[in-house]
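Visitor: Hi, I have a new model open and would like to talk it through. Could you start by telling me how you use the word "contact"?

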Amino acid sequence: MPFDPISKAPISEMSVMPNLVDRDEAAKGFEWTDMYSELDWLPDGGLNKAYEAIDRHVEHGHGDKVAMIWAGKNGEEEIYTFSEMKAQTNRWANVVTDLGLGRGDRVFIFMDRLPELYFAFFGTLKAGGVVGPLFSAFGPEPVRDRLQDSGASIFLTQPELREKVAGILPECPDIKHIIVVNKDRRSSDDLADSDLSYEELMLDASDDFGIVSTSMYDYSIMHYTSGTTGKPKGAVHRHLAAVQQYATGKWALDLHFDDIYFCTADPGWVTGTSYGMMAPWTNGVTNLIYEGGFSANNWYDTIDKYKVTVWYTAPTAIRMLMRAGEEPVKNHDLSSLRFIASVGEPLNPEAVVWGNEMFNQAIHDNWWQTETGAIMCANYASMEVRPGSMGKPIPGIEMGILDAEYNLLPAGEDGLLAVKPGWPSQFHAYWNNSEMYNSKYKKGWYITGDQAQMDEDGYFWFQGRSDDVINTAGHLVGPFEVESALIEHPDVVEAGVIGVPDDIAMEVVKAFVATRPGVEQTDALRRDIMRFVRTKLSAAVAPRQMEFIESLPKTRSGKIMRRLLKARELGLPEGDISTLEDD
Ligand code: AMP
């Protein structure tokens with residue numbers, strides 16, 4: 001009889017009772033170290049995410065269990081067991097080790113959701129490296145900024161994406177090897193002279209590899225995240241994050257060993273690694289990777305075909321599904337779905353109500369961010385869902401609402417959402433930016449950048465960002481990044497960027513642009529500028545709306561007053577913003 005690798009219980013005896021029944025009870029006297037024993041650890045006491053996600057299931061006799069079902073965008077399907085994942089990740093670990101990757105060296109991956117991405121991800125961790133997956137829809141500039149800042153020495157990509165960023169690669173001198181995955185020879189292009197072929201390297205590599213004994217404090221994964229000022233910052237996570245990713249997979253996503261799990265997030269964003277890889281696989285769950293983008297029909301087909309039981313998605317996607325209506329839901333058998341969760345933006349109450357009608361269950365909102373590395377606050381399976389609330393902090397997490405002086409506010413008051421430091425998946429640095437990292441900690445709290453409220457019963461309610469960062473379709477966009485791209489256009493002299501409300505994406509990026517004297521502000525120019533930015537950044541980040549303006553409102557020190565732009569845009573009295581900081 002098969003055994004659950006974690007609880008060691010025979011699987012047939014495992015129930016689908018919620019993994020977390022009473023949060024307050026579970027939180028009593030809880031210490032994160034209590035969870036340590038649920039992971040396996042390395043023989044000498046080290047901790048490696050790849051071992052916990054893959055190899056240990058083989059050790060526990062589940063080598064033949066399906067780890068990954070890959071559904072390609074052209075209808076292809078590939079299935080990998082935990083044993084096969086172990087072999088593939090070992091091969092990649094050998095490849096990068098032979099190429100000279102040392103402990104802590106960075107491997108950046110710029111790929112679509114192909115199986116090879118996942119092999120390279122965990123193989124890099126096995127080799128002691130740090131892995132940075134990049135969103136494949138990025139244009140050249142975000143890729144350049146991240147490669148330059150991280151000093152990545154190995155860059156793994158695929159032909160059409162390599163082509164997209166060919167112009168910036170010479171500006172990234174730290175890259176020693178460019179490796180190209182040409183899956184099933186989808187591309188007929190030859191490799192550039194200096195590039196290496198993934199397929200050839202993997203063919204020659206051994207299936208055996210002795211995992212580098214990383215400690216729980218060693219760096220493992222980097223994700224860049226946008227702030228109000230400057231370029232995106234690389235939030236660095238440690239192997240220790242596995243503890244919380246495993247625990248929240250159980251508690252907040254209610255993963256059981258026999259689940260079929262579908263996370264719609266891309267690995268270029270933190271949800272795509274913490275919950276697209278770590279949470280399901282540390283829990284030994286079969287993980288469905290769907291290569292295609294959003295499509296109501298394809299998503300429902302996929303859930304129906306593979307009998308998905310747990311589905312983790314995002315509010316923008318849910319609103320798009322709502323727009324697609326009831327018909328596609330009716331045309332599919334979605335009865336396998338046992339638990340649905342959502343993250344990334346506020347989940348509006350209508351979406352929760354709609355979920356109840358369509359799927360006969362609530363959609364469970366939860367809250368976290370790149371820096372927290374894992375879910376912090378959740379509506380979990382057994383709790384009463386309050387539509388519009390992001391739930392309660394999970395066991396081991398203390399969250400508070402603070403005033404402007406960072407003092408705790410009572411329930412019912414709006415303030416800064418903060419977390420008591422010391423959780424296992426807490427980021428440990430912004431790469432090369434300790435000043436910014438330190439600025440996030442005030443009076444013993446980590447300040448999240450969000451505004452929220454807590455009600456009398458301890459449920460948290462998101463109110464908005466406390467800075468100028470824009471959340472469009474669940475992606476954080478730093479206005480500075482977009483403004484910098486805009487002013488590179490030869491006719492633009494200055495630009496200010498804000499988020500404006502949108503029914504589907506919550507916010508979309510709107511740019512205000514002042515042009516060079518004498519330039520005619522035509523529709524053709526507007527389109528040209530928007531196209532220009534889209535090719536530099538990505539469609540996800542580029543402005544959806546643009547307005548010409550004579551000159552931008554600025555503070556005395558010359559900084560653009562984005563909040564004034566926003567107040568004007570939203571028709572708020574300008575007096576309302578008179579108290580805004582002059583910075
Ligand atoms: P990221 O670091 O890109 O994952 O974005 C994290 C940010 O997304 C948070 O700081 C929030 O502003 C927003 N966010 C994430 N989850 C939620 C949620 N459940 N409700 C409201 N906002 C959320």
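This is a predicted model: local features need pLDDT of at least 70, side-chain atom pairs count only at pLDDT 80 or more; totals for chains, interfaces and linings use all residues.

Visitor: Good. Then what covers the buried residues of α16?

Guide: The cover includes the helices α6 (140–150), α17 (523–536) and α18 (562–569), along with the strands β24, β25 (492–502) and β26 (506–515).

Visitor: And which residues of α16 are buried?

Guide: They are Pro 479, Glu 481, Val 482, Glu 483, Ala 485 and Leu 486. That is 6 of the 8 residues in α16, which spans 479–486, so the helix is largely enclosed by the rest of the structure.

Visitor: How many residues of α9 are buried?

Guide: For α9 (residues 241–251) the count is 11 of 11, so this helix too is largely enclosed by the rest of the structure. Among the buried residues are Gln 244, Gln 245 and Lys 250, as well as Tyr 246 and Trp 251.

Visitor: What covers those buried residues of α9?

Guide: The cover includes α2 (33–36), α3 (49–62), β9 (233–238) and α10 (270–282).

Visitor: I was also looking at His 239. Where is it?

Guide: His 239 sits in the loop between β9 and α9.

Visitor: Is His 239 buried or exposed?

Guide: His 239 has a relative accessible area of 0%, so it counts as buried. Leaving aside neighbours within four places in sequence, its contacts include Leu 47, Asn 48 and Lys 49, then Leu 125, and also Thr 214, Ser 215 and Met 216. Asp 218, Tyr 219 and Ser 220 are in contact with His 239 as well.

Visitor: Let's move to the ligand. How many residues surround it, and which are the closest?

Guide: There are 16 residues around the ligand, and the closest are Asp 365, Asn 366, Gln 369, Thr 370 and Asp 450.

Visitor: What sort of residues make up that shell?

Guide: The shell has 7 nonpolar, 5 polar and 4 charged residues.

Visitor: Which strands supply at least two residues of it?

Guide: β14 (363–367) and β22 (460–465) each do. β14 gives the most to the shell, with 3 residues.

Visitor: Which polar atoms lie by the ligand's nitrogen atoms?

Guide: In Asp 365, a side-chain N or O atom is 2.8 Å from a nitrogen atom of the ligand. In Asn 366, a polar backbone atom is 2.7 Å from a ligand nitrogen. In Pro 346, a backbone N or O atom lies 3.5 Å from a nitrogen atom of the ligand. As for cover, the ligand has 490 Å² of accessible area on its own, and the protein covers 95% of that.

Visitor: Zooming out, how many helices and strands does the chain have?

Guide: The chain has 18 helices and 27 strands.

Visitor: How does the radius of gyration look for 583 residues?

Guide: The chain has 24 Å, which agrees with the value near 25 Å that a compact globule of 583 residues would have. Along the principal axes, the C-alpha atoms fill a box of roughly 75 × 65 × 50 Å. Buried residues make up 61% of the chain.

Visitor: What about Ala 473?

Guide: Ala 473 has a positive phi too, of about 50°, although it is not a glycine. Ala 473 lies in the loop between β23 (470–472) and β24 (475–477), and at 30% relative accessibility it counts as partly exposed.

Visitor: Last one: what does Glu 398 touch?

Guide: Not counting residues up to four places away in sequence, Glu 398 touches Ala 418, Val 419, Lys 420 and Trp 445. Glu 398 is in the loop between β16 (392–393) and β17 (399–402), and its relative accessibility of 43% makes it partly exposed.

Technical notes
Residues are numbered from 1 along each chain as its sequence is written. Side-chain values use heavy atoms; hydrogens and water are left out. A residue is near a molecule or strand if one of its heavy atoms lies within 4 Å of it. A polar contact is a pair of N or O atoms within 3.5 Å; within protein, one must be able to donate a hydrogen and the other to accept it, and residues adjacent in sequence count only if both atoms are side-chain atoms. Accessible areas come from the Shrake-Rupley method with a 1.4 Å probe; for residues, only the protein chains shown count as cover. Helices (H or I, at least four residues) and strands (E, at least two) are DSSP runs, numbered from the N terminus. Ala, Val, Leu, Ile, Met, Phe, Trp, Tyr, Cys and Pro count as nonpolar, Asp, Glu, Lys and Arg as charged, and the others, Gly among them, as polar. The radius of gyration is taken over C-alpha atoms; the globule rule is 2.2 Å times the number of residues to the power 0.38. Buried means under 20% relative accessible area, exposed over 50%, partly exposed in between (1.4 Å probe, protein chains only). Contact means heavy atoms within 4.5 Å.
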